[in-house]
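Biologist: I would like to learn how to read strands, helices and charged pairs in a model. Please take me through them one by one.

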Amino acid sequence: MTHAGRVKCIYIDPPYNTGNRDFIYNDRFINKEDGWRHSKWIEFMHRRLILAKDLLREDGVIFVSIDDNELFHLGMLMNEVFGEGNWISTMIWKKSYGGGAKAKHIVGLHEYVLCYACNKGAIETIDLPPSDEVRRYYKFTDEKFAERGPYRLQPLATTSMDARPNLRYSVPFEGEEIWPEKQWQWAKERALTALANNELSINKTKKGWSVNYKQYLFGSDGEERAAKMYSVLDGPYTQAGTGEVKDLLGDGKAFSFPKPSNMVLALLRHLHQDKNAVVVDFFAGSGTTGHAVLKLNAEDGGSRQFILVSSTEATDEEPDKNLCRDVCAKRLKRVCEGYGGVGGLEGGFAYLRIEKMEPGRLLRRLQHEQVWITLQMLHLDALTPEAPGGIVWAAGEGRRRLIYLTQTNEKTWGPLERALEENRRATIYTWQPELVKHHAPKATVRPIPKFLMERLGIHS
Ligand SMILES: C[S@@+](CC[C@H](N)C(=O)[O-])C[C@H]1O[C@@H](n2cnc3c(N)ncnc32)[C@H](O)[C@@H]1O
């Protein structure tokens with residue numbers, strides 16, 4: 001409701017439906033003998049993927065972890081929901097180095113991560129910042145053109161492309177005409193411009209001439225040259241994830257098979273250019289995705305946000321279980337604040353609970369707090385820890401000042417005037433916009449959004 005079309009990246013790691021107490025459907029674990037096992041999983045995922053697509057921005061992407069139990073069903077579902085044309089990659093995550101004494105035939109060392117775009121046409125590339133390893137290739141600099149930064153040399157000639165007559169020409173250098181063995185990679189004009197700009201490096205060798213172009217680490221926009229993402233993630237291995245949760249919570253059994261945060265981080269690194277991205281994971285489990293977002297922000301000073309959703313994992317057998325509070329939120333709090341000698345990564349989060357409501361209940365007793373949280377999610381970067389109370393609820397500063405009027409009558413105008421004092425251009429939400437406009441002519445006055453009224457069971 002508040003984030004449709006606003007999410008840049010979704011990572012999910014749904015229950016794999018192994019038949020071994022990992023998938024809860026209608027409050028029961030689904031076991032291997034259940035004849036409707038796959039149908040139930042498909043139905044369950046289909047509804048969630050449709051919602052996921054709705055959340056994504058046009059240039060957003062989704063990564064879904066899966067193993068062999070449901071790989072083929074998931075692939076077909078993803079094609080159905082996102083469209084075959086938006087498939088980007090079926091990635092491999094190598095999750096262990098060996099072992100598998102129990103395997104009957106072939107030892108499985110990997111899982112998959114399916115990657116789809118919301119709209120592939122809206123994405124230029126999915127790239128990564130250059131690693132230190134890549135940076136090391138850029139070992140030359142020109143003294144005369146130091147501002148161009150480091151570069152590496154790449155051969156201008158090629159023998160591997162199909163023959164194209166326009167790529168076969170001579171490059172003039174020190175009174176000679178240099179011909180390629182087969183052809184150059186660039187059209188003549190581009191090569192001659194590069195030559196004039198000192199962006200070619202030409203040297204005499206025993207066999208003749210070698211012509212290289214200078215590939216710079218920084219593009220003309222000042223951005224570092226990006227590296228492409230590979231379809232194989234070689235580790236980190238599963239045990240790294242288990243170890244992390246054990247270190248953080250002091251309990252190795254708090255959660256089975258959490259992903260290693262560096263595995264999710266490897267996927268999220270493609271957000272290197274988007275420092276304000278919103279990342280969603282609606283199978284949050286132990287909160288690995290939040291951990292990875294916090295790590296990425298700590299690495300590059302970003303302020304990306306995460307929205308994690310987790311079930312409590314309460315079942316008929318364990319009705320009081322609350323995984324979300326006791327594992328996920330607890331872990332993230334420790335990651336932010338530091339634990340056992342490890343420094344905090346900073347950042348923070350709000351912990352909200354979904355309330356199941358009887359249809360129409362709010363008609364009788366409207367919960368202003370729920371309206372307030374929704375409005376803040378639409379307008380502000382952070383939620384106020386407690387609802388302000390009174391008639392005029394306000395948060396945020398300057399142009400981002402947000403005001404919610406719980407009532408509109410004579411008692412409203414005095415407090416509203418005070419709330420607007422230094423923030424005349426605030427956005428005010430009210431149940432009676434026409435009336436409020438007279439009292440706050442400079443502010444943006446809006447009605448409570450229709451979709452919110454519908455969710456609250458109020459029909460105008
Ligand atoms: C594979 S785990 C996710 C692990 C997570 N990526 C991590 O690193 O901690 C799958 C999650 O799906 C949740 N799950 C299982 N059945 C569910 C259901 N019916 N609705 C919502 N979540 C469910 C489980 O509670 C579990 O946390």
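Modeller: Start with pairing: two strands pair if DSSP finds at least two bridges between them. Strands (E, at least two residues) and helices (H or I, at least four) are DSSP runs, numbered from the N terminus. Note that this is a predicted model, where local features need pLDDT of at least 70, side-chain atom pairs count only at pLDDT 80 or more, and totals for chains, interfaces and linings use all residues. Residues are numbered from 1 along each chain as its sequence is written, and side-chain values use heavy atoms, without hydrogens and water.

Biologist: In which sense do β23 and β24 pair, and over how many bridges?

Modeller: Strand β23 (residues 427–430) runs parallel to β24, over 4 bridges. Ile 428 faces Val 445 in β24.

Biologist: What is the strand order of the open sheet?

Modeller: The order is β21-β22-β23-β24, with mixed pairing. β21 (392–395) and β24 (444–447) are the edges; each has a single partner strand, so one side of each lacks a neighbour in the sheet.

Biologist: Which strands does helix α10 lie across?

Modeller: Axes are lines fitted to C-alpha atoms, for helices over the stretch in contact (heavy atoms within 4.5 Å). Angles run from 0 to 180 degrees between N-to-C directions. Helix α10 (residues 368–379) lies across β21, β22 (402–405), β23 and β24, at about 155 degrees to β22. Helix α11 (residues 410–420) also packs on the sheet and touches β21, β22 and β23.

Biologist: How many salt bridges does the structure hold?

Modeller: Side chains of opposite charge can pair when their charged atoms come close. The criterion is a side-chain nitrogen of Lys or Arg within 4 Å of a carboxyl oxygen of Asp or Glu. The structure holds 21 salt bridges. One of them joins Asp 13 to Lys 259, with closest N and O atoms 3.2 Å apart. Asp 13 is in the loop between β1 (7–12) and β2 (24–25), and Lys 259 in the loop between α5 (238–249) and α6 (261–268), so the pair ties together parts 246 residues apart in sequence.

Biologist: Are Asp 13 and Lys 259 buried or exposed?

Modeller: Buried means under 20% relative accessible area, exposed over 50%, partly exposed in between (1.4 Å probe, protein chains only). Both residues, Asp 13 and Lys 259, are buried. By contrast, Asp 381 is exposed at 54%. Asp 381 forms a salt bridge with Arg 400 (3.4 Å, N to O).
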